[in-house]
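Trainee: Could you help me learn to read a protein model, one feature at a time?
Mentor: Gladly, let us look at it together.

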Amino acid sequence: MKLLVARIAMVATAAFTLMTVSGCSSSGSAFAGSWGTDSPGQPSLSIQPDGTFSGTDGCNRLMGKGTASGDTFDFGTFASTMMWCEGVTTWLNLASTAKIDGTKLVVFQSTGEQIGTLAKQ
């Protein structure tokens, strides 16, 4: 009986540890929320706690599922429309990673160069 109780305790502890660790490494919860503005021609982004995101670069719709690791959100590969809109700078379509700086989401392209910021809504 003692051996059975010990095994159950060990399995429960392992399951709890796995849930805790996996939640920290893949969740986008620190980045969750709405960023940017809903004004026409302006970029905006909505990130869900699971890392799923959708938005617009001011012209094109974009969507995907990123991952958070520490203080960095990695957009990964995402889908986007490819329309041309006069007078709109579509920098958000170049997003590779992002970090939070106060109330702003700072967005970087794959070279590490900052390409823009989105204010928290």
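Trainee: Is Cys-85 buried, exposed or partly exposed, and how do I tell which?
Mentor: Buried means under 20% relative accessible area, exposed means over 50%, and partly exposed is in between, with a 1.4 Å probe and protein chains only. Cys-85 has a relative accessible area of 25%, so Cys-85 is partly exposed. Cys-59, at 10%, is buried. Keep in mind that this is a predicted model, where local features need pLDDT of at least 70 and side-chain atom pairs count only at pLDDT 80 or more, while totals for chains, interfaces and linings use all residues. Residues are numbered from 1 along each chain as its sequence is written, and side-chain values use heavy atoms, leaving out hydrogens and water.

Trainee: How many disulfides does the structure hold?
Mentor: A disulfide is a pair of cysteine sulfur atoms within 2.5 Å. The structure holds 1 disulfide, formed by Cys-59 and Cys-85 with their sulfur atoms 1.8 Å apart. This pair links distant parts of the chain, 26 residues apart: Cys-59 is in the loop between S3 and strand S4 (61–65), and Cys-85 is in the loop between strand S7 (78–80) and strand S8 (97–101). Strands here are DSSP runs (E, at least two residues), numbered from the N terminus. The torsion about the S-S bond of Cys-59 and Cys-85 is about 70°, so the disulfide is right-handed.

Trainee: How should I read a pair of aromatic rings?
Mentor: Such a pair is described by the distance of the centres and the angle of the planes. Rings of Phe, Tyr and Trp (its six-membered ring) pair if their centres lie within 6.5 Å; planes under 30 degrees apart count as stacked, over 60 as edge-to-face and the rest as tilted. By this rule the count comes to 6 aromatic pairs. In one of them, the ring centres of Phe-53 and Phe-73 are 6.1 Å apart and the planes stand at 80°, so the pair is edge-to-face. Phe-53 in strand S3 (residues 52–56) and Phe-73 in strand S6 (residues 72–74) are 20 residues apart, so this pair links distant parts of the chain.

Trainee: Which residues do ring pairs link into a cluster?
Mentor: Phe-31, Phe-53, Phe-73, Phe-75 and Phe-78. Phe-53 counts as buried at 2% relative accessibility, and Phe-73 counts as buried at 0%. Phe-73 also pairs edge-to-face with Phe-75, at 5.1 Å centre to centre and 80° between the planes.

Trainee: What is a nonpolar core?
Mentor: In soluble globular proteins, nonpolar side chains tend to be buried together. A nonpolar core is a set of buried Ala, Val, Leu, Ile, Met, Phe, Trp, Tyr and Cys residues joined through side-chain atoms within 4.5 Å. The largest one here has 18 residues, and those with the most contacts inside it include Leu-45, Ile-47, Phe-53 and Phe-73. S2, strand S9 (104–108) and strand S10 (114–119) each supply at least two residues of this core.

Trainee: In what order do the 5 strands of the open sheet come?
Mentor: Strands of a sheet pair through backbone hydrogen bonds, either parallel or antiparallel. Two strands pair if DSSP finds at least two bridges between them. The order is S5-S6-S8-S9-S10, with antiparallel pairing. Strand S5 (67–69) and S10 stand at the edges with a single partner strand each, so one side of each lacks a neighbour in the sheet. S9 and S10 are joined by 5 bridges.

Key
Helices (H or I, at least four residues) and strands (E, at least two) are DSSP runs, numbered from the N terminus.
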